[in-house]
Amino acid sequence: MSQMLIPHTPAEACRMLAEGGRIACAGATNLYVDRQKGKYTDLDIVSLHQLDELKHIIHAEDGWHVGSLVVFDVIENKFKNTGCMDALAKAASEVGGPQIRNRGTLGGNILSASPAADTVPVMLVLDAQLVLIGTEGKRIVPINGFMKGPGKTGIRSDEILTEIIFPEKKGSTSFRKVGKRNALAISIVNVAVYMEKEAEKITDIAIAVGSAGPTALRACRTEQLLKGREIPETEEKWQQLKEQVCECLQEDITPIDDIRATASYRRTVACNIIMQLVRNLWEVTEA
C-alpha cells in the first residue's frame, strides 16, 4: 500500500521524489480522481501542501511571480481587472466549482497537462516562464513546449514546479471558454488572445487554443496573419478576414471527435471565438 510523505522544504520534496516510485501533488483534485480509476495506486504521494513558500504572489521589476501552490480562487481575486492579467483571473474563475477553485492550484493545472486546462492558454499568450527545482539545481523554461501530450510534461522525476513568472506586458488580453454548460464543465474549446496595437494597427498578437490538440497550443499561423493588420473598415472586410483566419486555423489546431464535441464543431467554435476576442480587443478605445 502506498504512503503519504510530507516534506517541509522544496529541497526535501525533491530528495523524496528522487528516490523513485513517488508522485508529487498539491491540491490533489486530479490525483484523487485518477486513483479512483486505478492510476498511481502503486506510488507513494509526496504532498506539497505545507510548502507555504510556494503560495506567494509578488510583483517584481521583471513581472508577476506566482507560486505554483496558489489556488484559483486567490488568482481570480488578485488579478481581476488588472490589465493583461485579467484574462488569467477570468480563466481561474471558470475552473470547476467553488470547492475545486479553493483547492486546485495553478501549478497543478500546468502539470496535469490536460489539453482542456483553462488557465494554460492564458499563460501561453502571456509567455509565462516556469521555475523548476530538482536535486541538480534550478532551471527556468518557457511554458510554450513544456506540455508534451495529455498528462505529459517536460518536468523531471526529481523536480517540482515552484513558481510561474509572467513578464511585464503592455497589451490587453481576453479569454473565453465554451462547455456544455456554464459551470462545472470541461472545455469543449477555450481561447486566449493577447494584443498590442498602435492606433488601429495590431503590432503584436498571441493566440492560444485549448481542447483542440494533444495540448493547449499557440495558433502561430493565425498570429502571423493578423500581426501588422489594420482594422477592417466594413463588415464585408471583417467577413473576409474571418475566412482567412479560419483557413489558417485549419493548420494550427488538430481537434478530435470525442464525447463532448466533434472535431468539425471545435474548429468552427475556435474560429468564431478567436474573431470575437480579436475584434473586441481591436475595437476597444483606449483611455
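Ala, Val, Leu, Ile, Met, Phe, Trp, Tyr, Cys and Pro count here as nonpolar, Asp, Glu, Lys and Arg as charged, and the others, Gly among them, as polar. The model is predicted: local features need pLDDT of at least 70 and side-chain atom pairs pLDDT 80 or more, while totals for chains, interfaces and linings use all residues. Residues are numbered from 1 along each chain as its sequence is written, and side-chain values use heavy atoms, without hydrogens and water.

Start with the cavity. Select Asn109, Ala113, Ser114, Pro115, Ala117, Val120, Met147, Thr215 and Ala216, which line the largest cavity. A cavity is a set of points on a 1 Å grid over the protein atoms alone where a 1.4 Å probe fits but cannot get out, and lining residues have an atom within 4 Å of a point. The lining holds six nonpolar, three polar and no charged residues. The volume of the largest cavity is about 30 Å³, counted as the space filled by probe spheres set on points joined across faces, edges and corners. One cavity of 30 Å³ or more is present in the structure.

Next, the sheet. Strands are DSSP runs of E, at least two residues, numbered from the N terminus, and two of them pair if DSSP finds at least two bridges between them. Five strands form an open sheet in the order β4-β5-β10-β6-β7, paired antiparallel. Select 57–60 for β4 and 137–142 for β7: these are the edge strands, each pairing on one side only.

Now select 63–67, strand β5, which pairs with β4 in the antiparallel sense over four bridges. A hairpin through two residues joins β4 to β5. Finish at isoleucine 57, whose bridge partner in β5 is valine 66.

Technical notes
On a 1 Å grid over the protein atoms alone, a cavity is a set of points where a 1.4 Å probe fits but cannot get out, and a pocket is an open set with protein on both sides within 12 Å along at least five of seven lines; lining residues have an atom within 4 Å of a point.
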